[in-house]
Structure formats: C-alpha cells, structure tokens
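Please open the model in your viewer and keep the selection tool at hand. The stops below tell you what to select next and what to look for there.

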Amino acid sequence: MRRLFLASVLAAAPLVAQAPTDFTGPSPWPEIRRERITRLLPQAMREANVDAWVTFLRENANDPLALHVGGENAGSPAAVLFVRNDNRLRSVMISGFGEAIALRELGLHDSVVVYDRNSSTALMDAVASRLRASGARRIAINSGGSENVTDGLSYTQRIALERALGAEWAARLVPSEELVELWLQVKLPTEVEIMRRAAALTA
C-alpha cells in the first residue's frame with residue numbers, strides 16, 4: 001500500500017511547478033471522505049468480491065481505519081457496517097446513545113442505530129442480525145492479512161462476533177486487506193490536486 005501511495009506522489013511530481021501551495025481554509029477531508037465512500041467503496045467491494053464490510057470502533061484502542069469510515073471520535077464501542085447490493089451501497093453506524101446525535105448530524109452514513117448498552121453482547125448481536133439480514137456471502141473484517149492498517153480487530157472482538165454470528169455465518173468472514181488496498185489506492189481528483197500542492201510545498 002505504501003508503494004502505491006508513493007507511485008501516486010511521483011506521478012504527480014512533473015506538475016508541481018504550477019500547483020498553488022496555500023493550505024488555509026476549512027479542511028476538505030469531510031467531503032473527500034464522503035465521496036470516497038459513495039463513489040469508490042462500492043467499486044472496491046465489487047472487485048474484492050465482498051458483499052459486506054464491518055469495522056469496530058472503540059475509544060483509546062481504535063481501529064486504524066476509523067478515520068476513513070467516520071469513527072475517529074468513538075467513545076463507547078461502535079461498529080460501521082457497509083452492505084453492497086450490486087452497485088448500491090448502504091451504510092449504518094451502530095453506536096451508543098451518547099454519540100448518536102453527533103453522528104446523525106455528521107450525515108456520513110445512511111442511518112445511525114443505537115444499541116442497548118445494558119447488555120454486554122448487544123453491539124455484536126446488532127451487527128450479526130444485520131449481516132444475516134443482508135444475505136452477504138463474503139463479509140470483510142479488519143483481521144488478518146499482512147498490513148497493520150487492516151488488522152485492527154482484536155482477538156476478543158473477533159471471538160465475540162463469531163459467537164454472535166454462529167458457525168455458518170462466521171465461516172463467511174474474510175480479511176479486509178484486499179478490499180482496503182483496492183479502495184485506498186484510488187485517489188479522487190481533489191486528492192490528486194492536494195498531493196500536487198503538497199509536493200510543490202515540499203520542493
């Protein structure tokens with residue numbers, strides 16, 4: 001993945017002389033992230049032959065991909081679930097009550113669902129219920145693979161998810177490494193322009 005990122009920077013290098021270097025103003029990241037999810041993620045899931053992708057979030061030990069899926073400010077344990085039907089992508093954030101209002105105002109996901117924190121298995125049960133309802137054949141999770149960024153799921157979380165899913169559905173879990181590489185290696189035009197400006201500033 002680092003090689004792919006470096007190649008993108010080098011490809012932009014011949015054009016850095018014309019690129020402005022002003023980085024003032026509001027951050028473009030929220031809109032870039034939204035566009036990456038809606039435009040690029042369905043294609044990456046299709047190419048990776050993945051029907052669903054779930055990322056678990058938690059405070060102080062968050063998943064490395066949290067920023068990319070809108071979970072960087074996680075407090076109570078939460079999960080982001082993406083489900084693909086052909087070229088259509090639906091996303092749901094399953095969170096504690098305390099974060100739900102802010103997440104809904106963020107407007108990144110199609111829905112925000114609150115789970116009952118009085119039950120120790122409520123989050124995993126909610127994720128498992130939605131995965132079974134989706135009929136997904138291959139479910140990507142951030143566990144395994146050779147890249148640290150795609151290995152954020154803890155052993156305890158994985159065991160809890162497998163228990164909530166049951167043996168038949170747990171067998172559908174696959175590492176998210178290929179999906180994430182396919183997703184992150186493609187840059188939007190806005191991102192390419194930012195990289196050109198950064199390269200010009202560095203030069």
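Contact, a word needed at several stops, means that heavy atoms lie within 4.5 Å. What you see is a predicted model, in which local features need pLDDT of at least 70 and side-chain atom pairs count only at pLDDT 80 or more, while totals for chains, interfaces and linings use all residues. Residues are numbered from 1 along each chain as its sequence is written, and side-chain values use heavy atoms, with hydrogens and water left out. Helices (H or I, at least four residues) and strands (E, at least two) are DSSP runs, numbered from the N terminus.

**Stop 1: helix H8**

Select residues 177-184, which form helix H8, and note that six of its eight residues are buried (buried means under 20% relative accessible area, exposed over 50%, partly exposed in between, with a 1.4 Å probe and protein chains only). Color Glu177, Leu179, Val180, Leu182, Trp183 and Leu184, the buried residues of H8.

**Stop 2: H2 against H8**

Now show H2 together with H8: Arg36, Ile37, Leu40, Leu41, Ala44, Met45 and Glu47 in H2 meet Glu178, Leu179, Leu182, Trp183 and Leu184 in H8. The axes of the two helices come within 8 Å and cross at roughly 135° (axes are lines fitted to C-alpha atoms, for helices over the stretch in contact, and angles run from 0 to 180 degrees between N-to-C directions). That angle makes H2 oblique to H8, because angles under 35 degrees count as roughly parallel, over 145 as roughly antiparallel, 65 to 115 as roughly perpendicular and the rest as oblique.

**Stop 3: strand E1**

Select E1 next, where both faces are covered, with Ala52, Val54 and Phe56 buried on one side and Trp53, Thr55 and Leu57 buried on the other. Six bridges join E1 to strand E2 (residues 78-85), and these two run antiparallel, whereas three bridges join E1 to E5, and those two run parallel (two strands pair if DSSP finds at least two bridges between them). To see each pairing, look for valine 54 opposite leucine 81 in E2 and alanine 52 opposite isoleucine 139 in E5.
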